[in-house]
Amino acid sequence: MTVLIDPPNWPGPRGLLWSHLVSDSSLEELHAFAGRLGVPGRAFDRDHYDVPETVYARAVELGAEPVDSRTLVRRLTDAGLRRRRRRTAC
């Protein structure tokens, strides 16, 4: 059971760089960790939380494993927790 975080490489709101926070075990583990980190529920997107660079160090301090983005996606997919966005018919 591991919570993973990738580097804050993704440009986002408020001029900040953003990371993805995931679990390679369960969404319950992910939600519990995000709660301890103080991340609001609105930051959850299908299978991950988007978190700003301002909480990266705290996430690692609380036990999130820092990994590169490819590793994060691979482990999320291997765990069967990856939820892709559904395309809508035009």
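Visitor: Which residues does Leu-21 touch, not counting those up to four places away in sequence?
Guide: In this predicted model, Leu-21 touches Val-3, Leu-4, Ile-5, Leu-30, Phe-33, Leu-37, His-48, Tyr-49, Val-51 and Ala-64, a contact being heavy atoms within 4.5 Å. Local features need pLDDT of at least 70 and side-chain atom pairs 80 or more, while totals for chains, interfaces and linings use all residues. Numbering runs from 1 along each chain as its sequence is written, and side-chain values use heavy atoms, without hydrogens and water.

Visitor: Okay, and which members of the largest nonpolar core touch the most others?
Guide: There are 15 residues in that core, and Leu-21, Phe-33, Leu-37, Val-39, Tyr-49, Val-51 and Ala-64 touch the most other members. (A core joins buried Ala, Val, Leu, Ile, Met, Phe, Trp, Tyr and Cys through side-chain atoms within 4.5 Å.)

Visitor: Which elements give two or more residues to this core?
Guide: Those are β1 (3–5), α1 (27–37) and β5 (48–52). The largest share, five residues, comes from α1. Helices (H or I, at least four residues) and strands (E, at least two) are DSSP runs, numbered from the N terminus. Apart from this core lies another, of six residues, including Leu-4, Val-22, Val-67 and Leu-76.

Visitor: Back to α1, then. Which of its residues are buried?
Guide: Leu-27, Glu-29, Leu-30, Phe-33, Ala-34 and Leu-37 of α1 are buried (under 20% relative accessible area with a 1.4 Å probe, protein chains only; exposed is over 50%, partly exposed in between). They sit on the same side of α1 because they cover an arc of only 155 degrees around the axis, taken from the directions from the axis to the C-beta atoms.

Visitor: What's exposed on the other side of α1?
Guide: Over there, Glu-28 and Arg-36 are exposed.

Visitor: And what covers the buried residues of α1?
Guide: The cover includes β1, β3 (17–23), β4 (44–45), β5 and α2 (56–61).

Visitor: New topic: where is Arg-42 found?
Guide: Arg-42 belongs to the loop between α1 and β4.

Visitor: Why does Arg-42 count as exposed?
Guide: Arg-42 counts as exposed because its relative accessibility is 76%.

Visitor: Last one: what separates the C-alpha atoms of Arg-42 and Asp-24?
Guide: A distance of 21 Å separates those two C-alpha atoms, and Arg-42 and Asp-24 are 18 residues apart along the chain.
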